[in-house]
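Colleague: I would like to learn how to read a model of this kind, feature by feature. Could we take it slowly, with the general idea before each case?

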Amino acid sequence: MRFSKKETDNIEVNLTPLIDVVFLLLIFFMVSTTFIYSNSIDVNLPAAKGDETSISESIRVVLTQAGAINIDGTSYEEKVVLDQLTEMKKAKPESTVIIEADKNVSHGRVVFIMDASRKAGFAKFAIAVEEE
């Protein structure tokens, strides 16, 4: 008996859809990427115009020009600010941290308070300014 050989089709993988998907992902990531631009313009931030919004639960952090840090009316040193904010987060979990910094306080001190608040678990911040 003689068996006939079956002819096999040449199987080819079409790469066009794969390349299309890769290009779409590349375009998506290029468009959604945030770019950081350093700003070298001198600004004066303490006065601003805007709507006053009412915040029901808040923790006031006041930074004075002399270097004092007051949290809800009580003065603290830098090394215990994180501990104090962590305790306040347990007492008021949904509160907003309102930072009231003097006009002449360095930017680094404000960033220190924001960083300590974030480490304590607070997600909402506000920076208080005087209305023009």
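Colleague: Let me begin with a single side chain: is Ser117 buried or exposed?

Modeller: Please keep in mind throughout that this is a predicted model. A residue counts as buried when its relative accessible area is under 20%, and Ser117, at 0% relative accessibility, therefore counts as buried. Ser117 lies in helix α3, and its side chain reaches the backbone oxygen of Ile113 at 2.8 Å.

Colleague: Which residues does Ser117 touch, if those up to four places away in sequence are not counted?

Modeller: With those neighbours set aside, Ser117 touches Leu85, Val97, Phe122 and Phe125.

Colleague: Which residues touch the most other members of the largest nonpolar core?

Modeller: A nonpolar core is read as a set of buried nonpolar residues joined through their side-chain atoms. The largest one here has 16 residues, and Ile71 and Leu85 are those that touch the most other members. At least two residues of this core come from each of β2, β3 (69-71), α2 (78-91), β5 and α3, with α3 giving the largest share, namely four residues.

Colleague: How should I place those elements within the chain as a whole, and in what order do the elements run?

Modeller: The protein has three helices and seven strands, and from the N terminus on they run α-β-β-β-β-α-β-α-β-β. Of the 132 residues, 17% count as buried.

Colleague: Turning to charged side chains, how many salt bridges does the structure hold?

Modeller: A salt bridge is read from the distance between a side-chain nitrogen of Lys or Arg and a carboxyl oxygen of Asp or Glu, which has to be within 4 Å. The structure holds five, one of which joins the side chains of Arg60 and Glu100 at 2.9 Å, N to O. This pair links distant parts of the chain, since Arg60 is in strand β2 (residues 58-63) and Glu100 in strand β5 (residues 96-101), 40 residues apart. Arg60 counts as partly exposed at 41% relative accessibility, and Glu100 counts as partly exposed at 25%.

Colleague: How many residues apart are Lys119 and Asp115 in helix α3?

Modeller: They are four residues apart in helix α3 (residues 107-120), which means that about one helical turn separates Lys119 from Asp115. Their side chains meet in a salt bridge at 3.4 Å, N to O; Lys119 is exposed at 59% relative accessibility, whereas Asp115 is partly exposed at 38%. Another salt bridge brings together Lys79 and Glu77 at 3.8 Å, N to O, and both of these residues are exposed.

Technical notes: Residues are numbered from 1 along each chain as its sequence is written. This is a predicted model: local features need pLDDT of at least 70, side-chain atom pairs count only at pLDDT 80 or more; totals for chains, interfaces and linings use all residues. Side-chain values use heavy atoms; hydrogens and water are left out. Buried means under 20% relative accessible area, exposed over 50%, partly exposed in between (1.4 Å probe, protein chains only). A nonpolar core is a set of buried Ala, Val, Leu, Ile, Met, Phe, Trp, Tyr and Cys residues joined through side-chain atoms within 4.5 Å. A polar contact is a pair of N or O atoms within 3.5 Å; within protein, one must be able to donate a hydrogen and the other to accept it, and residues adjacent in sequence count only if both atoms are side-chain atoms. Contact means heavy atoms within 4.5 Å.
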